[in-house]
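Please read the following briefing alongside the sequence and the three-dimensional view.

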Amino acid sequence: MAILSIITAPDRRLKVKSQPVEAVDEKIRGILDDMLETMYQAPGIGLSAVQVGIPKCLITVDVSPDDEDNAPLYLVNPKIVAFSDEMESYNEGCLSLPDQFADLDRPGEVTVEYLDYDAQPQQLRADGLLSRCIQHEMDHLKGRLFVDHLSAVKRGMILRKLEKIRRQKVSA
Ligand SMILES: [Zn+2]
């Protein structure tokens, strides 16, 4: 396993649309292993492959509160098949937008279909933080970031801030 480097916005690679994988083989499982390790190390509760420069429909999630009780989920080719009408607000962040947060409305509950680590088809009904996290990661597969849900003004502010931080790092 290996720790991969997470791409931070603004970066064109984060806007790439991810492609479904044809088979959950050893190579794909290797990517999922690396993604999970990278996510835990960050630390974060969700990661999409495109954030580590691999535009494939792969997501890792673990919303369990402590690391003694890891409950990783691997979602391959996920598809949301149902949403609740009820919206919930949550202060959302992203490993690709370090230290940036914004309140965002999303459906409270989703049902998602996907292939798991063993290539088995699964259906999962999620609410709360898990639902939030899955929807956030699935946006990444479409080349969308959480700031794309905000007004142009708010988005611009956050992205400019990140660009400035990056320039400071480069010149330091
Ligand atoms: Zn994210």
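**Helices and sheet**

Helix α1 (residues 26-41) lies across β1, β2 and β3 and runs at about 40 degrees to β2. Helices (H or I, at least four residues) and strands (E, at least two) are DSSP runs, numbered from the N terminus. Axes are lines fitted to C-alpha atoms, for helices over the stretch in contact, and angles run from 0 to 180 degrees between N-to-C directions. Two residues are in contact if their C-beta atoms, placed from the backbone, lie within 7 Å.

This is a predicted model, in which local features need pLDDT of at least 70, side-chain atom pairs count only at pLDDT 80 or more, and totals for chains, interfaces and linings use all residues. Residues are numbered from 1 along each chain as its sequence is written.

**Overall architecture**

- The protein contains three helices and seven strands, and along the sequence they follow the pattern α-β-β-β-β-β-β-β-α-α.
- The radius of gyration (taken over C-alpha atoms) is 16 Å, close to the 16 Å that the globule rule (2.2 Å times the number of residues to the power 0.38) gives for 172 residues, so the protein is as compact as a globular protein of that length.
- The C-alpha trace spans about 45 × 40 × 35 Å along its principal axes.
- Among contacts with a separation of 6 or more, 62% join residues 24 or more positions apart.

**The sheet**

- Five strands form an open sheet in the order β1-β2-β3-β6-β7, with antiparallel pairing; two strands pair if DSSP finds at least two bridges between them.
- β1 (46-48) and β7 (121-126) stand at the edges with a single partner strand each, so one side of each has no neighbour in the sheet.
- On average, neighbouring strands of this sheet are turned by 40 degrees against each other, direction ignored.
- Strands β2 (residues 58-61) and β3 (residues 73-83) pair in the antiparallel sense over four bridges, and I59 has L75 in β3 as its bridge partner.
- Six bridges join β6 and β7, again in the antiparallel sense, and T111 stands opposite R125 in β7.
- β6 and β7 form a hairpin with five residues between them, and A119 in the turn has a positive phi of about 65 degrees.

**Burial and the core**

- Of the 172 residues, 33% count as buried; a residue is buried if 20 or more other C-beta atoms (placed from the backbone) lie within 10 Å of its own, exposed if 12 or fewer, and partly exposed in between.
- The largest nonpolar core has 38 residues, and M35, L58, L75, V76 and I134 have the most contacts inside it.
- A nonpolar core is a set of buried Ala, Val, Leu, Ile, Met, Phe, Trp, Tyr and Cys residues joined through C-beta atoms within 7 Å.
- The elements α1, β2, β3, β6, α2 and α3 each give two or more residues to this core.
- Not counting residues up to four places away in sequence, L58 touches several residues, including I28, M35 and V76.

- Helix α3 (residues 152-171) has 20 residues, of which two are buried, so α3 lies largely in the open.
- G143 is placed in the loop between α2 and α3, and with 16 C-beta neighbours inside 10 Å it counts as partly exposed.
- G143 and K17 are 126 residues apart in sequence, yet 5.0 Å apart in space, C-alpha to C-alpha.

Notes: The expected span of a helix is 1.5 Å times one less than its number of residues.
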